[in-house]
Amino acid sequence: MQSDTPKLPEGVVAVVPMRNVVLFPSVLLPVSVGRAKSVAAVQYAMQNKAPLGIVLQRDPRVDDPGRDDLHPVGTLANVVHHVVAGDGLHHAVCQGLQRFRLLELVEGYPFLAARVERIEEPTELSPEAEALGLQLQAKAQEILSLLPGVPAEFAQVVQATRAPGQLADLAASLLDAELPEKQALLETVALEERLRKVLEILTRRIQVLRLSQEIGARTKEELDDRQRKFLLREQLKTIQKELGEAGDEDGELAQLEEAIARAGMPAEAEAQARKELKRLKSMGQQSAEYSMLRTWLEWMTELPWKTPEEKPIDLAAARAVLEVDHEGLERVKSRIVEFLAVQKLNPHGRAPILCFVGPPGVGKTSLGQSIARALGRPFVRVSLGGVHDEAEIRGHRRTYIGALPGNIIQALRKAGSRDCVMMLDEVDKVSASLHGDPSAALLEVLDPEQNSTFRDNYLGVPFDLSRVVFIATANVIDNVPPPVRDRMEVIDLPGYTQEEKLQIAKRYLVPRQRQANGLKEGQCEPTDAALAAIIANYTREAGVRQLEREIGRVMRHAATKVAEGADVQVRVDAADLEAILGPAKFEHEAALRAGMPGVATGLAWTPVGGDILFIEATRVAGSGKLILTGHLGDVMKESAQAALTLVKARAPELKIPASMFDGVDVHLHVPAGAIPKDGPSAGIAMFIALVSLFTDRPVRPDVAMTGEISLRGLVLPVGGIKEKVLAAQRAGIGTVLLPSRNRKDLREVPESTREALRFVWLDTVDDAVRAALAETARRADAALSLVCARASRRCPRCTAQDRRRRARAARAARFIGARASARA
């Protein structure tokens, strides 16, 4: 502490707030301080021979307490000794002097200073106080005799103390009471009341100590009896062994020894198991370690240690299995066949670890099961979703109560084979916590260089995982830590086309739901038109899970009719769906929302597949601001600003008068405002929406687009092309505008989808303007009618709802045409 610190005025003392210490007057107590202000206060008291205020905090978690954070009564003390430890902590021995009442804090010092009022002890004693003091002295001596390890000098001090107030403070410091209880004793100024409180606490503590001594004596007797029984039991074992009447325990241990011999463990593991078995034989069943050690030996003997037999791989049969189990996914199935071919030619090679990435319901888990069927190996699944403890992968050390191996070893025991196919499901949903990072433990599991000596914490010996075929699944590969991603080969499963979904429904979903609802073949037959209508109007997903649920509802409707006695075939057509499933959940919004200036249709990528989104722009009187709504991320906001800047820069080429930007605010909105949106791929859609707004030319309603833009007017490539194109087809879009540099990505799109859509390749934003904007409202009306006609052809029988939807669209188109004619 600096020597130029001004001295404290009269009635002001340096204060040290304590988190868990209550100091009483006349008591010598060591305290530890670490906060800078507290250290400065102790140093000031030492240098100036000044008293130090020790006061308890109300909340020990507060690092910089104020007046309201401190109790009102503390103890003035002299700092007898002060030393600094090696860890930087300051230790001070304080001698309590007298109580004080905290009045106010004084600012301007490098430590906590406070104006205090000293509380004097009463000089005159009443007869009641003297009697209570004598009784307290007797109780204090009694509790000292019951407490273990109390120095004899302390008992002498208590016996020599005659002042009742000082005796009460000494006894209070001796108690192991809670801090609030000790603080209440410190704040009790009235002597008789303080003596009564201390006597009450001492009496209760003496009763507890006496009871504890009685329990200890009984426990010692029980231990002596247990030792006697142990000796008798050992003698009984010896007698039974001499008579050839060995007990069941010896038989079970012999079975464990035989199981160790049959398990086929490596030399290191077998030596450890036999060592632990020898320990188990030497300890009794009553030992706390007996059950833990026996459980460990059972785990060791039940694991598949032996090297599995080689099984031939039939590639033709593998192809047949994949074709039977999965519709579409040709590129994925081709890669799996290549994987199996390498396994056939080099069974002991280090094959890559496949990671299937795609939205829910696209068949990632079933692909793993098909690989297991093709290889003729057992399949086991390890769910990693929500795992946040490293011990879930590596296991707990067996010294813990209830310890178990990790999920990897448990799955191997369940599979019963060391060459099983193990699927690590939802690897992108592993998260780190205070208990470690499970993804770090996965590095050893997935690394071919390390997993041959994988060491589970529970087993404590290496286990060879090199023969296990690991397959991982994830919804979003970006959530997988880069080191884990580096050890896997990522295979994308973006989703199914409408035709693939129809075939999946006919071949798998309908028979499965028919059986699940107790129907026989022929009792319920949805037509192809009904299935196509369910796919188009009641689901909008990359996978088929929602489709299966809707088919299940249809089957339950049929099951109800059959259960009511209608012994006929229930035929479900497209026209019957509204009565069974209710109104259509999804409409062809492109036909309803586009067609007016300022609205463009964009394409977006989501973790559950592609989707369409609408960019809506409008002008209002203002000061030239850009207003953005719709829960947009920072990247998307920057794309909107770049789009507006580009429109202003190209205003002469677009025939937009400069005066149109004066005195107006531009509001850009992306509906579904509760859903966060981000990314640069909506830049071209925002640009077209703004051009449509300022040129008063509507965007063709059957056009959707994606692409990033630059201030030079270039259209830059983006990702997720296949997912976005499939989303456009699901939404009834006819023309898709894509960046020219994404032309190579079109090969991943199924051929049926490529034939159903028209693609326009964009190099600059001028290409997008020519392809997306209608020349007049009349052309927009014709394009709108084309979209409505295309939507009606999706279902053989047009429902009343479809007719109402097309009527609304036609009215909107006529309204746009009327506005254009009026402006002309």
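Tutor: We begin with burial: buried means under 20% relative accessible area, exposed over 50%, and partly exposed in between, with a 1.4 Å probe and protein chains only. Phenylalanine 111, at 2% relative accessibility, therefore counts as buried. This is a predicted model, in which local features need pLDDT of at least 70 and side-chain atom pairs count only at pLDDT 80 or more, while totals for chains, interfaces and linings use all residues. Residues are numbered from 1 along each chain as its sequence is written, and side-chain values use heavy atoms, with hydrogens and water left out.

Student: How many aromatic pairs does the structure hold?

Tutor: Rings of Phe, Tyr and Trp (its six-membered ring) pair if their centres lie within 6.5 Å; planes under 30 degrees apart count as stacked, over 60 as edge-to-face and the rest as tilted. The structure holds five such pairs. In one of them, tyrosine 44 and phenylalanine 111 have ring centres 5.0 Å apart and planes at 40°, so the pair is tilted. Tyrosine 109 and phenylalanine 111 are stacked, at 5.8 Å centre to centre with 25° between the planes.

Student: Is tyrosine 109 buried or exposed?

Tutor: Tyrosine 109 has a relative accessible area of 19%, so this residue is buried.

Student: Which arginine lies over the face of tryptophan 296?

Tutor: A charge sits over a ring if NZ of Lys or CZ of Arg is within 6 Å of the ring centre and within 35 degrees of the ring normal. Arginine 398 lies over tryptophan 296, 4.5 Å from the ring centre; arginine 413 lies over the face of tryptophan 299, at 4.0 Å.
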